[in-house]
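Please open the model in your viewer and keep the sequence beside it.

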Amino acid sequence: KMDARFVEDGRTHRERMLAGDQYRWDPSLLPLSIKCEQLFNSYNDTKADDFESRTKILRELLGAVGADTVIRPPFRCDYGFNTHIGARTFANFNLVVLDVGRVTIGDDVLMGPNVQIYTATHPVEIEPRRAKWEGALPVTIHNNVWLGGGVIVCPGVTIGENTVVGAGAVVTKDLPANVVAVGNPARVIRQIESQDKPQHQQQEQHQQQKQQP
């Protein structure tokens with residue numbers, strides 16, 4: 001018996017994708033894909049000093065983008081509207097976001113060159129994969145995370161606030177806040193101690209401790 005996840009139910013595959021269900025490529029998805037590619041190609045063709053055009057295009061391309069966020073071209077994504085980025089975030093060259101599902105990136109996030117963020121998944125089961133079914137799992141990267149160059153973030157992952165991920169790491173599972181993680185698969189090698197945190201965060205933590213009974 002066919003798994004119910006892979007049974008047609010009268011919805012378009014665009015509707016299935018937007019609902020977070022298994023879907024297959026069909027013509028209803030083509031306008032979304034074309035619009036996204038046209039926008040990121042325009043973005044990547046901007047002149048280095050044309051900050052106004054870059055900001056305008058990003059606001060049209062992405063679901064949300066905060067003030068003073070910078071993405072250095074080239075940048076590519078699947079649909080754009082599923083990617084939400086906070087303020088003062090910086091991404092170096094060659095950021096790739098496969099945003100079939102929602103990607104949430106917080107404030108003050110740093111991303112080195114060649115970072116890749118994936119939400120897209122495919123069935124492990126042989127026949128549904130051959131039939132080109134696919135799905136997505138959301139990715140969340142909290143405030144003040146630093147992803148080193150070449151980091152890959154896999155579908156369904158959440159990375160906690162202030163965490164640092166070393167260059168080349170492959171993040172296959174959630175990472176807690178305030179840790180350093182490296183390797184493939186990424187593993188936590190140490191906590192980020194209070195002396196590693198910015199002074200304002202140390203002050204906030206001290207105030208919270210004083211207020212506790």
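In what order do the seven strands of the open sheet lie? Select them in the order S2-S5-S8-S13-S16-S18-S19, and you have an open sheet whose pairing is mixed; strands here are DSSP runs of E with at least two residues, numbered from the N terminus, and two of them pair if DSSP finds at least two bridges between them. Next, colour strand S2 (70-71) and strand S19 (187-191), the edge strands, each of which pairs on one side only.

This is a predicted model, in which local features need pLDDT of at least 70 and side-chain atom pairs count only at pLDDT 80 or more, while totals for chains, interfaces and linings use all residues. Residues are numbered from 1 along each chain as its sequence is written, and side-chain values use heavy atoms, with hydrogens and water left out.

Now select residues 110-111 (strand S8) together with residues 146-147 (strand S13), which run parallel and are joined by two bridges. Within this pair, centre the view on Met 111, which stands opposite Leu 147 in S13.

Then show the whole chain as a cartoon, where five helices (DSSP runs of H or I, at least four residues) and 19 strands are present. The C-alpha trace spans about 60 × 50 × 35 Å along its principal axes. If you switch to a surface display, keep in mind that 39% of the 213 residues count as buried, that is, under 20% relative accessible area with a 1.4 Å probe, protein chains only.

Key: Buried < 20%, exposed > 50% of the residue type's maximum accessible area, 1.4 Å probe, protein only.
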